[in-house]
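Subject: Structure handover

Hi,

The structure is below, as promised. My notes follow it.

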Amino acid sequence: NLCGFPHFMLKEIQQQPESVQICLAHYFHAISEPLLSVPVNLNEVHILACGTSYHAGLITQHWIEQLVNIPVRVRSGSEFQEAPLPMTANTLTIGITQSGETADTLNAIALDKQRRLAQSEVFQPHLLGITNQPNSALSQRVDWTMPTLAGTEIGVAATKTFLNQLIVCFYFTLELALSRQAISPETVQAYWAELSTLPAKIRAVLQLETQIKPIAQAMINQQHCMVLGRGINQAIALEGALKLKETTYLHAEGYSAGEFMHGPIALLDERVPVIAIAPTDSTHAAMIANLRQVKSHGSPIIGILTEDVPPETASLFDHVLILPAIADPLSPILSVIPLQLLAYHLAVQRGLNVDKPRNITKTLSE
Ligand code: BG6
């Protein structure tokens, strides 16, 4: 049921304040009495996922490494089968999959489990699944399941399920950090206070839609586009580019802004717009330095910025989309939304079937 929306993708983007609220309410009660008994002797985390879920894995890697201070490796399910990661008895493996049925992710999890069973003397069953479908095949293969509670997602391009994956992964990071005393209960409380502001801030970001439509119009005939981010927003650059590719068939590349300077910048000219995710955090100054170079090659720049952007840098941008301020680690939860809306409106303005793009299916199961 479209409930008056023209497409499921737009409905699901617009549902995000409510779906995030439901997820926060579920996990909020859990922080004082944890949902999982996470083994405190973990010494590393592996994350296996594909597509948008893989990008949630990259953000989770950043969170766990920075807040818990243990190493995390993220592998696409298909790559893991060909080159399994070395693991120890105290490695936790997390499978992230919206559908819980993606064959590449399930096969990687099965291989991980098989390797653990072969070492049963010492290897603990440390497998966690994060999925929107708690009765899926994934849940049958893991020791714990954390539901993402986003409700049914019909549009092929993952939107609200991605945001809820991030909420669950951040909750898990806090629980792990707390159990290992890597952060104080006061810091956890401060993050919860920030998380509770998300539904209202997501609503504010959704108001940017009227500014995004003309940007989509300006991009209607473009062949290429670059999406740049630094730090934790590098993964959102990848996710934004994936959304654009999947729904609009535009050749969009997501890059770390720093790495982009080492070669790919040669692709730029006035026909290649650059979308820069540049919140005012510790990466901002380096990002602006990169963007000055981008500008000198003639590319129009669309900036996804935060409220406190200095006026002298605002002139670098041809279009500016301003996000509400939020604690730095949580910025991906807001910065992805303008990219979802841009992908949606560009696809619609190009006359494409945004809910069922060509060549792809919602779930690549066996
Ligand atoms: C792909 C879809 O086949 O599977 C992507 O086209 C999706 O949109 C990916 O992100 C992973 O899906 P899941 O269900 O494992 O999160």
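How many nonpolar, polar and charged residues does the lining of the largest pocket have, by class? The lining has eight nonpolar, twelve polar and three charged residues. Here Ala, Val, Leu, Ile, Met, Phe, Trp, Tyr, Cys and Pro count as nonpolar, Asp, Glu, Lys and Arg as charged, and the others, Gly among them, as polar.

Some ground rules before the rest. This is a predicted model, with residues numbered from 1 along each chain as its sequence is written. Local features need pLDDT of at least 70, side-chain atom pairs count only at pLDDT 80 or more, and totals for chains, interfaces and linings use all residues, while side-chain values use heavy atoms, with hydrogens and water left out.

Confidence

The mean pLDDT of the protein is 93 (pLDDT is the predictor's confidence in each residue, from 0 to 100). Of its residues, 95% reach 70 or more. For the complex, the predictor gives an ipTM of 0.98 and a pTM of 0.97.

Pockets

The largest pocket has a volume of about 480 Å³. A pocket is an open set of points on a 1 Å grid over the protein atoms alone, with protein on both sides within 12 Å along at least five of seven lines. Lining residues have an atom within 4 Å of a point. Grid points are joined across faces, edges and corners, and a volume is the space filled by probe spheres set on the points.

The lining of the largest pocket numbers 23 residues. Nearest its centre lie Cys 50, Gly 51, Thr 52, Glu 246 and Lys 362. H3, H7 and helix H11 (234-248) are the elements that give two or more residues to this lining. Helices (H or I, at least four residues) and strands (E, at least two) are DSSP runs, numbered from the N terminus.

The second largest pocket has a volume of about 180 Å³. Its lining includes His 62, Trp 63, Tyr 191, Asp 281 and Asp 328. H3 gives the most here, with four residues. By class, the lining of the second largest pocket divides into five nonpolar, five polar and two charged.

Aromatic rings

Trp 63, in the lining of the second largest pocket, is also part of a ring pair. The whole structure has six aromatic pairs. Rings of Phe, Tyr and Trp (its six-membered ring) pair if their centres lie within 6.5 Å; planes under 30 degrees apart count as stacked, over 60 as edge-to-face and the rest as tilted.

Trp 63 and Phe 170 are edge-to-face, at 4.9 Å centre to centre and 75° between the planes. Trp 63 lies in helix H3 (residues 51-67) and Phe 170 in helix H7 (residues 160-179), so the pair ties together parts that are 107 residues apart in sequence. Both Trp 63 and Phe 170 are buried. Buried means under 20% relative accessible area, exposed over 50%, partly exposed in between (1.4 Å probe, protein chains only).

Ring pairs also link Tyr 27, Phe 28, Tyr 171 and Trp 192 into a cluster. Separately, Arg 358 lies over the face of Tyr 249, at 3.8 Å from the ring centre. The criterion is NZ of Lys or CZ of Arg within 6 Å of the ring centre and within 35 degrees of the ring normal.

Cavity

The search finds one cavity of 30 Å³ or more. A cavity is a set of grid points where a 1.4 Å probe fits but cannot get out. The largest cavity has a volume of about 40 Å³. Its lining has nine nonpolar, no polar and no charged residues. Among them are Ile 212, Ile 302, Leu 321 and Pro 338. Helix H10 (209-218), strand E9 (301-306) and helix H15 (331-349) each supply at least two lining residues. H15 gives the most, with three.

Single residues

Which residue has a positive phi of about 55° although it is not a glycine? That is Leu 149, in the loop between strand E5 (144-147) and H7. Leu 149 is partly exposed, with a relative accessible area of 30%. Cys 3 has a positive phi of about 50° and sits in the segment before H1. Most residues other than glycine have a negative phi.

Ile 96 is found in strand E3 (residues 91-97). At 0% relative accessibility, Ile 96 counts as buried. Ile 96 and Thr 52 are 44 residues apart in sequence and 9.6 Å apart in space, C-alpha to C-alpha.

Best wishes
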